[in-house]
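Have the coordinates open while you read.

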Amino acid sequence: YETLGDLTDNFVSSDLNFILNEASRDALKERSKIQQRHIENVISRTSPSISKQRIKKYEEFKNKRSFE
């Protein structure tokens with residue numbers, strides 16, 4: 001899990017959903033169970049849908065709201 005966590009830094013839940021769906025399709029084409037190599041392959045050809053800048057803005061907003 002640690003490797004996948006490192007590979008998906010800055011990915012949001014919808015990105016992870018997409019990655020797992022694509023990995024499932026890849027495994028199905030091979031008629032095999034989904035394996036970590038399928039997931040890593042999809043991650044290697046996928047970018048996060050939200051920029052690091054945008055994530056930073058969300059975190060700042062969240063922190064500001066938690067003090068109110």
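Asn-10 sits in the loop between α1 and α2, where helices are DSSP runs of H or I with at least four residues, strands are runs of E with at least two, and both are numbered from the N terminus. The phi of Asn-10 is near 75°, a positive value in a residue that isn't glycine. Arg-31 does something along those lines in the loop between α2 and α3: its phi is positive at about 60°, and it is not a glycine either. For context, most residues other than glycine have a negative phi, and most peptide bonds are trans.

Before going further, some ground rules. This is a predicted model, so local features need pLDDT of at least 70 and side-chain atom pairs count only at pLDDT 80 or more, while totals for chains, interfaces and linings use all residues. Residues are numbered from 1 along each chain as its sequence is written, and side-chain values use heavy atoms, with hydrogens and water left out.

**Overall layout**

The chain has four helices and zero strands, and reads α-α-α-α along the sequence. Its radius of gyration is 15 Å, well over the 11 Å that the globule rule gives for 68 residues, so the chain is more spread out than a compact globule. That radius is taken over C-alpha atoms, and the rule is 2.2 Å times the number of residues to the power 0.38. Along the principal axes, the C-alpha trace spans about 55 × 20 × 15 Å.

Of the 68 residues, 21% count as buried; buried means under 20% relative accessible area, exposed means over 50%, and partly exposed is in between (1.4 Å probe, protein chains only). The accessible surface of the chain comes to about 5800 Å², and carbon and sulfur atoms own 50% of that. These areas come from the Shrake-Rupley method with a 1.4 Å probe, and for residues only the protein chains shown count as cover.

What about contacts, meaning heavy atoms within 4.5 Å? Among those with a separation of 6 or more, 51% are between residues 24 or more positions apart.

**The core and its surroundings**

Which residues make up the largest nonpolar core? There are seven: Leu-4, Phe-11, Ile-19, Ala-23, Ile-39, Val-42 and Ile-43. Both α2 (13–29) and α3 (36–44) supply at least two residues of this core, and the largest share, three residues, comes from α3. A nonpolar core here is a set of buried Ala, Val, Leu, Ile, Met, Phe, Trp, Tyr and Cys residues joined through side-chain atoms within 4.5 Å. In soluble globular proteins, nonpolar side chains tend to be buried together.

Leaving aside neighbours within four places in sequence, Ala-23 is in contact with Ile-34, His-38, Ile-39 and Val-42. His-38 belongs to helix α3 and is buried, at 2% relative accessibility.

Not counting residues up to four places away in sequence, Thr-8 touches Leu-16, Ile-19 and Ile-43. Leu-16, in helix α2, is partly exposed at 34% relative accessible area. Besides Thr-8, Leu-16 touches Phe-11, again not counting residues up to four places away.

Ile-50 is in the loop between α3 and α4. Ile-50 is partly exposed, with a relative accessible area of 22%, and touches Asn-10, Val-12, Ile-55 and Tyr-58 once residues up to four places away are set aside. That brings us back to the Asn-10 loop.

**The outside and some distances**

Arg-31 is exposed at 80% relative accessibility. Lys-64, in helix α4 (residues 52–66), is exposed as well, at 57%.

| Pair | Apart in sequence | C-alpha distance |
|---|---|---|
| Leu-16 and Ile-39 | 23 residues | 9.7 Å |
| Ile-50 and Asn-10 | 40 residues | 7.5 Å |
| Lys-64 and Ser-44 | 20 residues | 34 Å |

Technical notes: Contact = heavy atoms within 4.5 Å.
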